[in-house]
Amino acid sequence: MRGTALGPATVESLVIRSQDIHERYGGVVPEIASREHLTTLVPVVTRALADAGASWETIDGIAVTHAPGLVGALMVGVSYAQGVGLARGLPVIGVHHMEGHLFATALEHADAVPPFTALLVSGGHTLLLDVPAWGHYRLLGQTRDDAAGEAFDKAAKLLGLPYPGGRHLEALARDGEPGRVRFTPPMLRRTQQPGDADYYAFSFSGLKTAVLLAVREATAAGTLDVMAPHIAHGFQHALITALVEKTARAADAHTRARIVLGGGVAGNRALRAALEARAAQFGGVVYAPSPRLATDNAAMIARAGLFRFGAGDEGTTLSAVATAPLPGLEAVPAPG
Ligand code: KG4
Ligand code: ZN
């Protein structure tokens, strides 16, 4: 990564190593995740340096995810970064995983910069933010239960798809007929008013139960093979409708013309298309990361780290933390 704290940055290399082993268990096994990190971390960093034609001597600082997530897995990265930092005399900057997702799109789109409305949708989080400036985040809404990606993964599992199932479900839904199976977009009503507790809130666990019932019904009728794409389409449509409408509400309320998507689910093409169509109604523009920057990657962490480095965060004692709010989260002004 080269660039300035707030200016454009270029990705010199990006190495992504996914842990396919979890597919066998249908979810992430924490112990296995930590061990895999231990064995793959050094080879991955070595390759990233080689791909960039860099060496530790040419590196100015190290950014590392320190929160939130599985502490055992985070600790491997944090310990390694601190070890190298100490040995090489380099600053080590701790980055919040979701702030990384927030910066990912800016790596590819020079205009994906504040002020904007942000929708971050990953396997662990669903955050609707107003971003007046980098480092200033107003949390408007989040999920009350499952995250959007988690809902995709659970619905995919019910449909017999491999883990993580988000992209498999999207592919299956492409063969589904719109409207053949309908689910109610969760926590979305036209009568909701700004200031209502659920105006920006999300909830996806009820939708998952609706999918379960639809799968059971189709199984009992012996039609699951035929119905699976329709169920997938209906699920994806309901979930996307809730995300899109609430994001549009947020952009409208804060008169933001730019909407930035982030997180693994941001790679979903149906979500992008629906949000682009909705934003076009009020002259809004949607910025979404390409698939390699939508799902977890080191470039987004480096970019957020570069910003934090510039903001003077270097040198704080780092520890791995399971849950932590986004740094720079501000209280949302009461609706007036
Ligand atoms: O951000 P991410 O890579 O990891 C977390 O921070 O959780 O997001 C992973 C999530 C998974 O739930 C995965 O199924 C979902 O993003 N995902 C998708 C798509 N690609 C990845 N969900 C829906 N459609 C996709 N195309
Ligand atoms: Zn993520």
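About 1,500 Å² is buried between domain 1 and domain 2, and carbon and sulfur atoms give 64% of that area. Buried area here is the accessible area (1.4 Å probe) that two parts lose on being put together, summed over both. Met 98, His 101 and Glu 330 supply 36% of the area that domain 1 buries against domain 2, more than any other three residues.

This is a predicted model: local features need pLDDT of at least 70, side-chain atom pairs count only at pLDDT 80 or more, and totals for chains, interfaces and linings use all residues. Residues are numbered from 1 along each chain as its sequence is written, chains are lettered from A and ligands numbered from 1 in written order, and side-chain values use heavy atoms, without hydrogens and water.

**The two domains**

Domain 1 covers 2-101 + 295-330, and domain 2 covers 110-288. These bounds come from an automatic or database domain assignment. The contact (heavy atoms within 4.5 Å) takes 18 residues from domain 1 and 17 residues from domain 2.

One salt bridge is counted between the domains. Arg 138 forms a salt bridge with Glu 330, with the closest N and O atoms 3.9 Å apart. The term means a side-chain nitrogen of Lys or Arg within 4 Å of a carboxyl oxygen of Asp or Glu.

His 101 lies in helix H3 (residues 97-104) and Asp 296 in the loop between helix H9 (291-294) and helix H10 (298-310), so the pair ties together parts 195 residues apart in sequence. Helices (H or I, at least four residues) and strands (E, at least two) are DSSP runs, numbered from the N terminus.

**Burial**

Buried means under 20% relative accessible area, exposed over 50%, and partly exposed in between (1.4 Å probe, protein chains only).

| Residue | Relative accessible area | Class |
|---|---|---|
| His 101 | 0% | buried |
| Asp 296 | 47% | partly exposed |
| Ser 122 | 6% | buried |

**Around Ser 122**

Ser 122 sits in the loop between strand E5 (116-121) and strand E6 (126-133). Not counting residues up to four places away in sequence, Ser 122 touches several residues, including Met 98, His 101 and Glu 150.
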